[in-house]
There are 2 protein chains.
Amino acid sequence: MANEKPLPQGRRRHQGVNRVTISDVAKEAGVAPITVSRALNTPDRVSAKLRKRVDQAVASLGYVPNLIAGGLASAGTRVIPVVVPSLSILTFIEVVHGIQQTLEGAGYQVLLGSTDFDLDREASLIDSVMGYSPSGVILTGLRHHDRTVHRLQTWGRPVVEIMELGTPCIDMNVGIDNIQAGACMAQHLLDRGYRRIAFLGVGMTRDYRAQQRFEGHRQVLAAAGIESNLLFASEEPSSYEAGRRVFLEALAARPDLEAIHFANDNLAAGALLEANRRGIRVPEDIAMGSYLGLSLGEHLTPRLTTVSVPRFEMGVEAAKLLLERLQGRTPSQPRVDIGYRLTVREST
Amino acid sequence: MANEKPLPQGRRRHQGVNRVTISDVAKEAGVAPITVSRALNTPDRVSAKLRKRVDQAVASLGYVPNLIAGGLASAGTRVIPVVVPSLSILTFIEVVHGIQQTLEGAGYQVLLGSTDFDLDREASLIDSVMGYSPSGVILTGLRHHDRTVHRLQTWGRPVVEIMELGTPCIDMNVGIDNIQAGACMAQHLLDRGYRRIAFLGVGMTRDYRAQQRFEGHRQVLAAAGIESNLLFASEEPSSYEAGRRVFLEALAARPDLEAIHFANDNLAAGALLEANRRGIRVPEDIAMGSYLGLSLGEHLTPRLTTVSVPRFEMGVEAAKLLLERLQGRTPSQPRVDIGYRLTVREST
DNA sequence: CTGTTAGCGCTTTCAA
DNA sequence: TTGAAAGCGCTAACAG
C-alpha cells in the first residue's frame, strides 16, 4: 500500500509553477474537474447549484485558468495573431487598434507581428505563430507566399485579409479598392481643372497598395489624354520629412506643376508644412491631395483634401467577421468593402 | 494481442489538428522524440550527426513545433504580454514598436493588451494573460492594483515597468522622471523670460504621468515666486483638436498669457496650427513648449520647442533588459533612466 | 447533468 | 550523448 501513490513525495515531478489548478477548484467545490471546466466555459451545461459552488471556489482560491493547457487539450487558444507590415506606420496602428479593442472585448488576445513588407518574413512569422494554435489569423494584403496561402487555406480556421479588397482571398476579406481610391483623387484634381499633375510617393516598391493607387491615378489621367505624371520613388518609408523632400525635388524638376497627388497624408503634410514655411501658397501656387484621412489634415492651413479611409472601423469590421466565425456563425458577407470618402477641403 | 493497442482504430481520439508532430520527425530521423526536442532547443547537447539528421527530417516534413505543448510542458511559452494604457496614443505605439522589434528578433512574440488607463482593467488583463504562461511581462507605469503587484512579484519571472522611473518597482524599470521633465520645460520658459505661464493638459486624471510633469512645472514656478498657472483638465484624450480648443479657451480666459506649457506635443501641435491659421504669432504673441519630441514638431512653423523622450529606444531598452534575464544573465542595472532632452527650437 | 478516462505534443526527470 | 517514462493542466469523448 505504500506504493499506491507513485508520486515522488515532498516535491512535484515537473517544476510546475505552483499555481491553483482546476483540480484544486474541483476539490474545493466537491465536484469533478470537468465540471469546473464546464461551469467556466459552457455554464449552460451545468446546474445552477453546482455552477454557483464552482464560482465560489474559483473566487476563494483565486483560480486563473491555464490557457496553455486548455489550448493544448482543445487545440485552440484564444489568441489571434495580427500580422502587419509595419508598426511605424500610423495606418496599421489604427487598424490594429480597432482589431484589438474588438477582440479583447470578446475575450481574445492579439499577438502582434510585423513583416517589414517582406513576404518571406511574413511566411516564417505565420509559421511560427501557428505554433500557438491560434483561434484565427488576421493578416495584411492579398499577396502572400504560396506556402502561407496554402497553410492557411487548409487550416480550417477563420482568416481575414485586410487593407486591400479583391480576389482570390484565403477566407475573408475587409478592405478597399486601392486602384479606385487613386482614381478618385486623380479625377478630383482633374475636375478642379488641374492638368499638370504629379504623383509623389516613397517606398512604393514595398508598398504595392500605394502602387495600385498610382495605377488608378495613371489610368484616369491617361483617359484624359494626360501623360505627364512623375513618380518619385525613393525607398525610404513615408514620413513628414520624406514628403518635404520629394515636394521640393518635384518643384525643382517641374516648376510648372499645378497639383500634386501624394501617396499618403504623411507625405502631403510634410510638403504642406514646408509650403507654409516657404510662403508657397496652396492651392494657388500648387494644389495638394492625398490619401488616408489623418486627423492632422483637418488642422493644417489650408486643410488637406484627401481620400479618407476608416482605418479603425476596418479593424473593427475584420475582428467582427472573425468573431462571427469563431462563434460558429457564417458571415453573410465574407468580403467587406469598407469604402473610402473623398474629403474635399481647402488644399485643392 | 489484439488488445495491445487500445487506440480507437481509424480515427484519433482527440480532434488533434493533424499536424506533423515531434514524433513524426523522430520516426523519420530514427531517433527518440526527446532527441528531436534537444536538437531543436539545445543543439549543443546533441551530436552533430544526429542534429543533421533531425534537421533534415524537420525540413522534409515541414515540422513546426507546437509551442502550446512546449509551453505546457516547460511552463513557459515565448510570449511576452505588453500592457499599455492606450493604442491610440502615439507614444505607446512607438514604445511597443521598439519592444516588438527587439523581442521578435530574439524569437519572442508580443501579446498586446490595453487598459484604457484603468488599473482594474489592467489587473484583470494581467490575470488572464498570465494564463498563457508568458516568459515575462512588460507593463506601463509604476502604479498598479495591489493584486497585480503581488502576483507579478511572487511570479519569479522578469517584469519590466516602463515610461516612468521610480521606486519601488516590481522587478525592473525603464523610463524617465516625469517631474524633472516638467520642471525642465518650466525652467526653460522662465529662462526665456516668460512669467505669465499656463500649463495645459487634458485627460490628466487618468494620465498621472502628465500630472507629475505638471507638478514639476508647478514647483519650478513656485520657487520663482510665480503662482499664476492654469490647468485645463477636461477628461477627453489628447488630440490636435483638444489642443486647439484648450488653447483658445486659455487665450480667452487669460489674454495676458505669455507662454503655454502643453502636456504633450499633440496638444501643442493642435494649438500651434490654430495659431498659424489665426495669424497669432508664436512665440511673439505667445510662446509654446511641450513634451514628447514627435517628429511633427520639427515641421511646424515655428518649430516646436519640446522635451524629447526617446520612445522607441525606451522600448528597445525594456526588451533588452527582459531578454538578458530570459537568457539567464543578471542585468547590471535593473533600473534604466532613458533620459530626456530639452530641444529648444523656435516656438519659445 | 455529471463523472471517468484518455490523451493534446512537448519537455522534465531520471537512468544508462 | 541518448533514451524511457511521467506528467504539465486541461478538455473531448464516452458513459451513466
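Q: Which residue in β7(A) stands opposite F199(A)?
A: L231(A) stands opposite F199(A) in β7(A). This is a predicted model, in which local features need pLDDT of at least 70 and side-chain atom pairs count only at pLDDT 80 or more, while totals for chains, interfaces and linings use all residues. Residues are numbered from 1 along each chain as its sequence is written, chains are lettered from A and ligands numbered from 1 in the order in which they are written, and side-chain values use heavy atoms, with hydrogens and water left out.

Q: What makes β6 and β7(A) a joined set of strands?
A: Two bridges join β6 (residues 197–200) of chain A to β7(A), and the two run parallel. Strands pair if DSSP finds at least two bridges between them, so these two qualify. A strand here is a DSSP run of E with at least two residues, a helix a run of H or I with at least four, and both are numbered from the N terminus.

Q: Why are β7 and β12 of chain A called edge strands?
A: The open sheet of chain A has six strands in the order β7-β6-β8-β9-β10-β12, with mixed pairing. β7 (231–232) and β12 (341–343) each pair on one side only.

Q: Why is the meeting of E346(A) and R303(A) called a salt bridge?
A: Their side chains come to 3.1 Å, N to O. The rule asks for a side-chain nitrogen of Lys or Arg within 4 Å of a carboxyl oxygen of Asp or Glu, so the pair passes. The pair links distant parts of the chain, 43 residues apart: E346(A) is in the segment after β12, and R303(A) is in the loop between α12 (296–299) and β10 (305–308). That loop also holds P302(A), which a cis peptide bond joins to T301(A), with omega about -5°.

Q: How do you know that N66(A) caps a helix?
A: A side-chain oxygen of N66(A) lies 2.8 Å from the backbone nitrogen of I68(A), at the N-terminal end of α4 (residues 67–74) of chain A. After α4(A) comes A75(A), with a positive phi near 55°.

Q: How many residues does each chain give to the contact?
A: Chain A gives 55 residues and chain B gives 55 residues, where contact means heavy atoms within 4.5 Å. The two chains bury about 4800 Å² between them, 60% of it on carbon and sulfur atoms; buried area is the accessible area (1.4 Å probe) lost on putting two parts together, summed over both.

Q: What makes R121(A) and E104(B) a salt bridge?
A: Their side chains meet at 3.2 Å, N to O, and the limit is 4 Å, so the pair counts. On the side of chain B that touches chain A, at least two residues each come from several elements, including α5 (90–105), β2 (109–114) and α6 (119–130). The residues of that side divide into 26 nonpolar, 17 polar and 12 charged; Ala, Val, Leu, Ile, Met, Phe, Trp, Tyr, Cys and Pro count as nonpolar, Asp, Glu, Lys and Arg as charged, and the others, Gly among them, as polar.

Q: How do you know that β2 of chain A and β2(B) pair?
A: Three bridges join β2 (residues 109–114) of chain A to β2(B), and the rule needs at least two, so the strands pair. They run antiparallel, and L112(A) stands opposite V110(B).

Methods: A polar contact is a pair of N or O atoms within 3.5 Å; within protein, one must be able to donate a hydrogen and the other to accept it, and residues adjacent in sequence count only if both atoms are side-chain atoms.
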